[in-house]
Amino acid sequence: MKIDGTRSHDRATELVLSYYAAFNRADWDGMLATLGPQVVHDLNQGARETGLEAFAAFLQRMARHYREQLRDIVVMVSPDGTRASAEYVVHGEYLVTDAGLPEARGQRYELPGGAFFEIRDGKIQRVTNYYNLEHWVAQVGA
């Protein structure tokens with residue numbers, strides 16, 4: 001299918017792919033541009049954060065502790081373009097010890113993950129991320 005931007009489904013697919021392309025470039029402003037001002041962010045096995053300021057702070061924390069690239073990204077979108085999901089593989093390096101986690105020594109890891117999105121008014125309004133934290137700890141803690 002050619003994505004021509006004339007359907008809600010196509011626009012939502014492009015939006016989610018833009019979000020991940022910005023992530024892979026470490027373009028935090030580009031990522032934030034895809035989000036609504038009151039974006040809800042459900043962290044994996046963690047708290048819910050709301051708003052662009054909280055999301056920007058999360059990105060800065062992540063950039064300090066991890067260097068990551070997402071590969072093999074597959075995006076699935078509802079026909080009306082209001083819901084989307086993505087599956088991917090995280091290829092990362094653990095740079096600086098994150099509170100409550102094993103000591104960082106530059107360990108590399110590869111981890112499948114996924115996310116769910118709510119889309120409204122041409123912006124991502126909710127991001128819910130999932131990955132297996134125990135699998136990650138086993139890779140970096142060994």
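Author: The model is predicted, so local features need pLDDT of at least 70, side-chain atom pairs count only at pLDDT 80 or more, and totals for chains, interfaces and linings use all residues. Residues are numbered from 1 along each chain as its sequence is written, and side-chain values use heavy atoms, without hydrogens and water.

Reader: How do you know that the span of helix α3 agrees with its 14 residues?

Author: Helices are DSSP runs of H or I with at least four residues, and strands are runs of E with at least two, numbered from the N terminus. The expected span is 1.5 Å times one less than the number of residues. For α3, residues 52-65, that gives 20 Å. The end C-alpha atoms are 20 Å apart, which agrees.

Reader: Which residues of α3 are called buried?

Author: Buried means under 20% relative accessible area; exposed means over 50%, and partly exposed lies in between (1.4 Å probe, protein chains only). In α3, Phe55, Phe58, Leu59 and His65 are buried. They cover an arc of only 135 degrees around the axis, so they sit on the same side of α3. The arc is taken from the directions from the helix axis to the C-beta atoms. Glu53 and Arg64 are exposed, on the face turned away from the buried side.

Reader: What makes β1 a partner of both β6 and β2?

Author: Two strands pair if DSSP finds at least two bridges between them. Strand β1 (residues 35-42) has four bridges to β6 (residues 123-131), and these two run parallel. With β2 (residues 48-50), β1 has three bridges in the antiparallel sense. Asp42 stands opposite Thr128 in β6, and its bridge partner in β2 is Arg48.

Reader: Why is Glu68 said to have no salt bridge?

Author: A salt bridge needs a side-chain nitrogen of Lys or Arg within 4 Å of a carboxyl oxygen of Asp or Glu. Lys and Arg count as positive, Asp and Glu as negative; His and the chain ends are not counted. For buried Glu68, the nearest side chain of opposite charge is Arg67, 11 Å away.

Reader: What makes the link between Glu68 and Tyr109 a polar contact?

Author: A polar contact is a pair of N or O atoms within 3.5 Å; within protein, one must be able to donate a hydrogen and the other to accept it, and residues adjacent in sequence count only if both atoms are side-chain atoms. The side chains of Glu68 and Tyr109 make such a contact at 2.6 Å.
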